[in-house]
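This report looks at how two chains meet in a model, and then at selected residues of that model.

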There are 2 protein chains.
Amino acid sequence: MDQTHDTDLRIEHSPTTLRELAVERLRNAIISARFNGGDRLVERTLCDQLGVSRSVVREAIRVLEAEGLVETMPRSGPVVAALDWPRARQIYDIRRLLEADAAAACARKADARVHARLQAALAALEVAVGEGVASRTRDTTTAFYEVIFTSAGHDIAWEIVKRLNGRISRLRALTLASTNRRIAGPVHMARICEAICRSDPRAAEQAVRDHLDDAAEIAHSLLIETP
Amino acid sequence: MDQTHDTDLRIEHSPTTLRELAVERLRNAIISARFNGGDRLVERTLCDQLGVSRSVVREAIRVLEAEGLVETMPRSGPVVAALDWPRARQIYDIRRLLEADAAAACARKADARVHARLQAALAALEVAVGEGVASRTRDTTTAFYEVIFTSAGHDIAWEIVKRLNGRISRLRALTLASTNRRIAGPVHMARICEAICRSDPRAAEQAVRDHLDDAAEIAHSLLIETP
DNA sequence: TTTGGTATGTTGGTATTCCATAATACCGAA
DNA sequence: TTCGGTATTATGGAATACCAACATACCAAA
């Protein structure tokens, strides 16, 4: 409410180019496991399903390709990227580095306003977990982390983490659904939130690491039997 | 030469689609500062310059957009992304995390073969620096890091770092050209290489951090006067 | 100088067409 | 029956032409 004076009355330019919509739809379809790893993405079929032209579909596929959700083999067209444990493991390792760093930075520089936002995000998350709707849980979890990253000034790291999350989101859907996770998840988040509000970077870092170790272990047990 | 048996006899599918060529050309044009930050990228003009159709150009732009090299405002078209110090700083911070981790992992698990490859890469880098050709220096530096990341099994982190490097490559061109850098760079690399060959993860980590602190400082001095 | 309107350029998006190739089906001869 | 070759189809890669919406610059009038 301070330096946003000019943007306040700015007309909300519908950020919805058709292509972005298509990207979003496709991304959700992959994340929600409606498409499975290895599935082919036939352009002309997607045109019908999405009701858009082929150029839009193709550009959307390029975007998803760059996000790592889709892989295109030279002559055989795009397929949904498969996820094995070695890759998932790497993703969790990278998240651990970036998120721990962001949480520490956040704990160091957050003020009361940030604390409030964080607690609000945590409350929303707990409600969503209570409801038991996977997509809501995912979104509120994302929102919680978004507060941490952006308030720490780690915009670019947040972009990266968002992208990585897309790639392991099918796992997340499963891990978030697992019963012990539904309890452990919010507890970990609460620890993170509390450490940040206490301005204790080391504790925040450690809480993030514990949380991710936990998530990675569940993912591991899920992936090790179904390669 | 161990688990690559099946890929060895695989036919090398020429990966040269027109679009990939276009992406490469445009990326190089941006990296080599032939296009400057804020420059508009008019589709039809690029069609003429590249000698390809609009669909190719547009898909190429989507890829570069996802790489963070260009930004597209809804109705006003793509522009070359500008780089300011806050962003560059974030990029260096992330690289510090990922590269230090990779170097440590590499030092932990590298065998004699990796050591040899690393030393070869270092030698090539020293030659390139001696020649003083910016692009050669860039490529050999990249090759050096590639050995570290891939031998550590950090493929995904390497993808991320490559992308980040694209975004700060214009700076790199300048930092690599600066005279004290031409001496300090290889010295740092040699320290990294030596620590890895000594299987000393902590030292490798520290050498990487020193190297990046140095690079970041040069970038800082370059960016602080020309926002 | 400000206001209002106009002209032009550019993007977002669509439709249509052609070509090259991979995969598949098919078919005849040994 | 099996092998080797051929026809067909499905699909991606690419080019082109077209339109509507919007942005920008410019120009004219008050």
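## The interface between chain B and chain A

In this predicted model, chain B and chain A bury about 2300 Å² between them, and 65% of that area lies on carbon and sulfur atoms. The area is quoted in this form because the size of an interface is often given as the accessible area lost when the parts come together. To the contact, chain A contributes 25 residues and chain B contributes 24 residues.

Four salt bridges are found across the interface of chain B and chain A, and the side chains of R62(A) and E59(B) also meet in a salt bridge, with an N to O distance of 3.0 Å. Polar contacts across the interface of chain B and chain A amount to twelve residue pairs, counted where both residues have pLDDT 80 or more. On the side of chain B that touches chain A, helices α4 (54-67), α5 and α8 (155-167) of chain B each supply at least two residues. The residues on that side of chain B comprise ten nonpolar, ten charged and four polar ones.

## R62(B) in helix α4

R62(B) belongs to helix α4 of chain B. Beyond the residues up to four places away in sequence, R62(B) touches R19(A), E59(A), R62(A) and V63(A) of chain A, together with T72(B) of chain B. Why does R62(B) count as buried? The relative accessible area of R62(B) is 4%, and R62(B) is classed as buried because the limit for that class is under 20%.

## R96(B) in helix α5

R96(B) is placed in helix α5 of chain B, which spans residues 85-109. With a relative accessible area of 16%, R96(B) is likewise buried, because this value also falls under the 20% limit.

The side chain of R96(B) makes a polar contact of 2.6 Å with the side chain of D93(B). When residues up to four places away in sequence are not counted, R96(B) touches R209(B), L212(B) and D213(B).

## The largest nonpolar core

The largest nonpolar core holds 94 residues, of which F144(A), I148(A), F144(B) and I148(B) touch the most other members. For I148(A), once the neighbours within four places in sequence are left aside, the residues in contact are A102(A), A103(A), C106(A), L118(A), I192(A) and I196(A).

Note on methods:
Residues numbered from 1 in each chain as written. Chains lettered and ligands numbered in written order. Predicted model: local features only at pLDDT ≥ 70, side-chain atom pairs only at ≥ 80, totals over all residues. Heavy atoms only, no water. Core = buried A, V, L, I, M, F, W, Y, C linked by side-chain atoms within 4.5 Å. Buried < 20%, exposed > 50% of the residue type's maximum accessible area, 1.4 Å probe, protein only. Contact = heavy atoms within 4.5 Å. Helix = DSSP H or I, 4+ residues; strand = E, 2+ residues; numbered from the N terminus. Polar contact = N/O pair within 3.5 Å; in protein donor to acceptor, adjacent residues only side chain to side chain. Buried area = accessible area lost by both parts, 1.4 Å probe. Nonpolar A, V, L, I, M, F, W, Y, C, P; charged D, E, K, R; others polar.
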